[in-house]
Amino acid sequence: MFPIKLALWLSVLAPSVLWLFADPPMPHSLTFFSFRVVSVQYTGIIGIAMMSLGLLLATRPFWLENLLNGLDKMYCLHKWLGIGGLFCPSSIGGWPKEQNGWLAGAGWTGPRGILNQR
């Protein structure tokens with residue numbers, strides 16, 4: 001029988017390992033924007049995986065109820081998957097707003113005119 005913490009960590013680690021094998025995350029150029037693209041993809045994958053597992057738990061499958069030691073534990077895991085599935089993709093959302101603020105002051109990005117040219 002899985003404890004809730006183990007099931008929650010497996011819901012993060014399993015998609016992470018699959019993502020690493022499917023698409024190696026090392027960008028070609030070592031710039032801030034290349035790492036931002038990789039981190040946006042990663043947090044999106046983790047968020048989708050957590051929400052998908054939460055949807056599976058919402059259907060109350062009997063075999064998962066037995067595996068997680070009861071319906072109350074399954075509801076608790078459903079709650080934490082929902083919180084994690086919301087937090088992961090939204091945690092990276094503030095980065096595009098800051099690309100001309102403190103990042104430019106630190107020398108990681110260029111001035112505004114250079115950033116908008118692609």
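Tyr42 counts as partly exposed at 29% relative accessibility, where partly exposed covers the range between buried, under 20% relative accessible area, and exposed, over 50%, as found with a 1.4 Å probe on protein chains only. The model is predicted, so local features need pLDDT of at least 70 and side-chain atom pairs count only at pLDDT 80 or more, while totals for chains, interfaces and linings use all residues. Residues are numbered from 1 along each chain as its sequence is written, and side-chain values use heavy atoms, with hydrogens and water left out.

The structure holds one aromatic pair, and Tyr42 forms this pair with Trp19, the two rings being tilted at 5.1 Å centre to centre with 40 degrees between the planes. Rings of Phe, Tyr and Trp, the last taken by its six-membered ring, pair if their centres lie within 6.5 Å, and planes under 30 degrees apart count as stacked, over 60 as edge-to-face and the rest as tilted. Because Trp19 lies in helix α1 and Tyr42 in helix α2, the pair ties together parts that are 23 residues apart in sequence; helices (H or I, at least four residues) are DSSP runs numbered from the N terminus. Trp19, with a relative accessible area of 10%, is buried.

Helix α1 is also the place of Ser11, which counts as buried at 8% relative accessibility. Leaving aside neighbours within four places in sequence, Ser11 is in contact (heavy atoms within 4.5 Å) with Ala49, Met50, Leu53 and Leu81.

Met50 and Leu81 belong in turn to the largest nonpolar core, which has twelve residues in all, including Ile4, Val12, Ile46, Leu64 and Cys88. A nonpolar core is a set of buried Ala, Val, Leu, Ile, Met, Phe, Trp, Tyr and Cys residues joined through side-chain atoms within 4.5 Å. Helices α1 (4–22), α2 (32–58) and α4 (71–91) each supply at least two residues of this core, and α4 gives the most, with four residues.

Cys88, one of the core residues, touches Thr43, Ile46, Gly47 and Met50 when residues up to four places away in sequence are not counted. Gly85 lies in helix α4 and counts as buried at 8% relative accessibility. With neighbours within four places in sequence left aside, Gly85 is in contact with Gly47, Met50 and Met51, and the C-alpha atoms of Gly85 and Ala49, which are 36 residues apart along the chain, are separated by 7.7 Å.
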